[in-house]
Amino acid sequence: MQDYLVPLNEQQREAVLHTEGPLMIVAGAGSGKTKVLTTRIGHLINLGVDSFRILALTFTNKAAKEMKERIEHMLGNNEARNLYIGTFHSVFSRILRSDAEKLGYPSNFTIYDTDDAKSVLKSILKEKNLDEKHYKVAYIYGRISSAKNNLMTWREYQNDKGIQQEDARSNRPMIGEIFEAYSKRCFKNGAMDFDDLLVNMYILLSNFPESLAKYQHKFRYVMIDEYQDTNLAQYHIIKLLGALNENICVVGDDAQSIYSFRGATMENIFQFQKDYDDVRVIKLEQNYRSSKTILNAANQIIANNANQIPKELWTDKELGDKIKLVCTFTDNDEGKFVADTIIENKLRYHHPNKDFAILYRTNAQSRAFEESLRRLNIAYKIYGGLSFYHRKEIKDYVAYLRVLVNTQDEEAIKRIINYPARGIGNTSINKISLIAQEQNKSFWEIICQANLYGFKGTTLSAIENFVVMMRNFQGIIDKKNAYEVASELGKYSGMVQELHSDKTVEGLARYENIQELLNSIKEFTETPDEDGEVIERTLGSYLQQITLLTDADNEDEENSDVVKLMTIHASKGLEFPCVFVVGMEENIFPSSMSMYDREDLEEERRLFYVAVTRAKEKVWISYANNRYRFGSLVQNDPSRFLDELPTDLVDANLTSKPKQRTIFNKSSEQRNEIQQKKMPSKTIAVEHKASTNFVESDTSNLEVGNKVEHQRFGFGNVLTLEGPIANKIANIDFGPNGVKKIMLNYAKLRIV
DNA sequence: TGCGCAGGTGTTTTT
DNA sequence: CACCTGCGCA
């Protein structure tokens, strides 16, 4: 037996050795999925399969990179470099780049990220005179995106009875028309959005038999990671690619399907088994990551879902510590608790910072933890959130580069034509846009001949200067490398000067970001081509690459010793010795957007499952009674998921402050009482209308027995006062709205 | 055209 | 709270 097969268990080995024919690996959390995939690829190469003919698709660049590195390590030579391993989006963009002309796109097409796409939609709404408050950009983008993920064209969208009814019912009958305009505009701009990369890949394979044949022959073995996250477009592409050889191996875990909002459907898992006569299904059920306690708790959580493939995850690890459940008074206390606990565990058990992860449902929750960690001088890093390439100054700079590469890119021109300010304001921009529409020409063509379209005086010369400047840069694009072009661009456009003159802290940071951008361009242009698939080191290929990059893909600085903060979504695929799952409250987790639908709720539960199964040794779960949201204090019930935790695996007595209660201290009867009391506050609270003479009173001398008015809760009686003078808390009986704890420092009260 | 200010509005999750 | 938009003024 080969060395690399030895460390595998029976099922893992079986998966590696099953190289021919369709294979589905159902891989539970922590069951060695990546190990199997990489060993399998290494094994194929070892069997003599040409490494150029293996394709592996992942969802993140990080996963792709890790796979590549591990295979390289296993093989000990350069063969791994020839493998086609990448994200769906990056691999398809590479393929589309070489075949773009077939679809009528320029080969240096621009990739629009979500921001770009939304700004195109905004322009269209303006042109069509639609009310942006009713036709919300995010909503429209979502409609269009999910249509595309289901391989639906704008024409099909307009002709689909069901969809038209839906849009009519929501009183947005124009979406089909917007979809059409949006598609045409992107095409005219020589641009594809994220979804187009999938749609166009599908079109290429289904409409051009010679392309289909080419890639079917090229990719003799196809592997798909995180198969549960694929959508319909991806499903069809995979099916087409694999139809000739049927050597398709998909790896997934239905219990970790958490991207349905992006069109992912578990149906693909079931369909895969129906599509081929001889599908082999292998389940990996031994977990190598978590303690028994953690794994058992996770199993119990997921058992509450009706919709799942039956499997039993087990481990031979120790029982380990109980899960700790903690309730704090406010979100800031929650932050303090986490930071304190990290210090304590560092001291007592010698955990380094990097052993800890703080996982939350939404990015907005990170702030309380940032503050508390900073206060205790604990090094941390936030993953996700605003990625480097989404910062304004970077997008501005990149927009210049985009225009140089593709003058059709109207969005990019609009972004920079007046940045730095050079006297071409919104009025002129809109005018140019309109003329371009009417003349059926590109924005760029119009400004090249601005004198023909009624522009005069200072505006005309400003436009002409801009065109001349951009033409000059285009002139040097072939003579100098991408880095030189980019740095001269910064100098002569006035951008660098503009940023340099801003001496505020933020301004300085922006300036540094630009330097970092230039460095990354330099690095890209100077990296020699790898053997095999030649990646052009041009500005165009650089731009395509960065749009598909996310924060998670940045150099991970594996060794940097920092506490990691991220959303649970971003944590998928990762593991940490110690995990804090925070903000376990109704409306947050489960999200208020996903509470009223069984499917949505089950996805939230899978998300909770993902969070808990990230941990190897220790898990803390916390929630706060009071939390700032939208600037005001709100109260949420403890998450319903907490009730699903097995009590014998949880230590719920731990509290960060003396006065907390935990739901486990209450009898079920009391628990019902709490719920009943709290329920109405959600509905009635908004119904109270503050009196017209509502003026915030000075509450520093508030006394028990005072009558007060609260803007949302209405009129109430002060029952008790507690806490230090600097942070007094009043218990106030708001009658039908129940008794509330009100922090006088924050709440606005009128003493009646 | 550009700047400052008031007012309104919104937060799931991401390639 | 924090961002964005629209409006009025120089």
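This is a predicted model: local features need pLDDT of at least 70, side-chain atom pairs count only at pLDDT 80 or more; totals for chains, interfaces and linings use all residues.
Biologist: Why are H21 and H22 called roughly antiparallel?

Modeller: Helix H21 (residues 457–476) and helix H22 (residues 482–493) pack at an angle of about 160°. Angles over 145 degrees count as roughly antiparallel, and H21 and H22 therefore receive that description. Their axes are 11 Å apart, and the crossing is right-handed.

Biologist: Which residues make the contact of H21 with H22?

Modeller: H21 contributes Met469, Phe473 and Ile476, while H22 contributes Val485, Glu488, Leu489, Tyr492 and Ser493. By class, six of these residues are nonpolar, one is polar and one is charged.

Biologist: What makes H4 oblique to H10?

Modeller: The axes of helix H4 (residues 88–99) and helix H10 (residues 194–207) cross at roughly 55° and come within 9 Å. Angles under 35 degrees count as roughly parallel and those from 65 to 115 as roughly perpendicular, with oblique covering what is left. A value of roughly 55° falls between these ranges, and H4 is therefore oblique to H10. H4 passes H10 in a left-handed crossing.

Biologist: Which residues of H4 and H10 form that contact?

Modeller: From H4 come Phe88, His89, Phe92, Ser93, Ile95, Leu96 and Asp99, and from H10 come Phe194, Leu197, Leu198, Asn200, Met201 and Leu204. They divide into nine nonpolar, three polar and one charged.

Biologist: H10 also packs with helix H12 (residues 232–242). Why are H10 and H12 called roughly parallel?

Modeller: The angle between H10 and H12 is about 30°, and their axes are 9 Å apart. The limit for roughly parallel is under 35 degrees, so the term applies to H10 and H12. Their crossing is left-handed. In H10, Leu198, Met201, Tyr202, Leu205 and Ser206 meet Ala233, Gln234, His236, Ile237, Leu240 and Leu241 of H12. This contact has eight nonpolar, three polar and no charged residues.

Biologist: How do you know that aspartate 160 caps helix H8?

Modeller: A side-chain oxygen of aspartate 160 lies 3.0 Å from the backbone nitrogen of glycine 162, and a polar contact requires N or O atoms within 3.5 Å. The cap is at the N-terminal end of H8 (residues 161–169). H8 is followed by asparagine 171, with a positive phi near 60°.

Biologist: Where does asparagine 129 lie, and what is its phi?

Modeller: Asparagine 129 lies in the loop between helix H5 (114–127) and helix H6 (137–149). Its phi is positive, about 60°, although asparagine 129 is not a glycine.

Biologist: What is omega for the cis peptide bond from tyrosine 419 to proline 420, and for the one joining phenylalanine 589 and proline 590?

Modeller: For tyrosine 419 to proline 420, omega is near -5°; for phenylalanine 589 and proline 590, omega is about 10°. Proline 420 is in the loop between helix H18 (410–416) and helix H19 (426–439). Proline 590 is in the loop between strand E13 (576–581) and helix H27 (598–612).

Biologist: Which residues are around DNA strand C?

Modeller: Lys122, Arg367, Phe630 and Gly631 are around DNA strand C. The nearby residues comprise one nonpolar, one polar and two charged.

Biologist: How do you know that lysine 122 has a polar contact with DNA strand C?

Modeller: An N or O atom in the side chain of lysine 122 is 3.1 Å from a phosphate oxygen of DNA strand C. The cut-off is within 3.5 Å, and the pair at 3.1 Å meets that limit.

Definitions and conventions
Residues are numbered from 1 along each chain as its sequence is written. Chains are lettered from A and ligands numbered from 1 in the order in which they are written. Side-chain values use heavy atoms; hydrogens and water are left out. A residue is near a molecule or strand if one of its heavy atoms lies within 4 Å of it. A polar contact is a pair of N or O atoms within 3.5 Å; within protein, one must be able to donate a hydrogen and the other to accept it, and residues adjacent in sequence count only if both atoms are side-chain atoms. Ala, Val, Leu, Ile, Met, Phe, Trp, Tyr, Cys and Pro count as nonpolar, Asp, Glu, Lys and Arg as charged, and the others, Gly among them, as polar. Axes are lines fitted to C-alpha atoms, for helices over the stretch in contact, and angles run from 0 to 180 degrees between N-to-C directions. Helices (H or I, at least four residues) and strands (E, at least two) are DSSP runs, numbered from the N terminus. A crossing is left-handed if the near helix is turned anticlockwise from the far one by less than a right angle, and right-handed if clockwise. Contact means heavy atoms within 4.5 Å.
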